Amino acid sequence: CIWAIVPIANIVLFVCSPIAPLIEEGEKGMTILDLCKNKIFWGLMLLMVCAGASEQAVSQWASTFAEQGLKVSKTIGDLAGPMAFSILIFSGILCVVSYLCIALIPNAIVSLASCAICGLSVGIMWPGSFSKAAALLKNGGTALFALLALAGDLGCSGGPTLVGMVSSACSDNLKTGILAAIIFPNMHL
């Protein structure tokens, strides 16, 4: 019962907190139809799909990659892959380089270190895309950010799916699958 105080206090604090409006008073926000007619919006949607896919294409497969490359147990692979993964243009380049190292360098330690570098490099893609959207579509409002989040989630499922499908088609070669997913971080360059 004592721990129930924490969420109750959060509710009270949230209800009392002022929330800044996304659109200035008196200005009309863009509707979903307005957004769909805007070419910049579709470019931003593509960036968000690629941001999510870049992040998850390696993240979802990192533990399997650690098991195969380092010949470690499933337990160690499940811990090492995601833990290593968690450790703008430069970020996109770093992501592409890490994808290439994972796919092309035969040394397992270098490949696993590249998984960690990949995790570091994709960290700016999602919030960076949101920041670009806020600057480019000032009246986008809540609909803009909801649709961008949806696009990011689509990328989060599509990236690992592409890696898995290509890997399966290439005799379960995970390196080939990750090499195919390099298209996603390249979209941020």
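Let's start with H3 and H6. Helix H3 covers residues 39-59 and helix H6 residues 89-104. Their axes, lines fitted to C-alpha atoms over the stretch in contact, come within 12 Å and cross at roughly 25°. H3 passes H6 in a left-handed crossing, that is, the near helix is turned anticlockwise from the far one by less than a right angle.

This is a predicted model: local features need pLDDT of at least 70, side-chain atom pairs need 80 or more, and totals for chains, interfaces and linings use all residues. Numbering runs from 1 along each chain, and side-chain values use heavy atoms, without hydrogens or water.

Who touches whom? On H3, Ala 53, Ser 54, Ala 57 and Val 58 make the contact. On H6, Cys 95, Tyr 99 and Ile 102 do. Contact means heavy atoms within 4.5 Å.

At the start of H3, a side-chain oxygen of Asn 38 comes within 2.8 Å of the backbone nitrogen of Ile 40.

Next pair. Helix H4 (residues 62-70) packs against helix H7 (residues 108-122) at about 170°, axes 9 Å apart. That makes H4 roughly antiparallel to H7. H4 contributes Phe 65, Ala 66, Gly 69 and Leu 70. H7 contributes Ala 108, Ile 109, Ser 111, Leu 112 and Cys 115.

Key
Axes are lines fitted to C-alpha atoms, for helices over the stretch in contact, and angles run from 0 to 180 degrees between N-to-C directions. Helices (H or I, at least four residues) and strands (E, at least two) are DSSP runs, numbered from the N terminus. Angles under 35 degrees count as roughly parallel, over 145 as roughly antiparallel, 65 to 115 as roughly perpendicular and the rest as oblique. A polar contact is a pair of N or O atoms within 3.5 Å; within protein, one must be able to donate a hydrogen and the other to accept it, and residues adjacent in sequence count only if both atoms are side-chain atoms.
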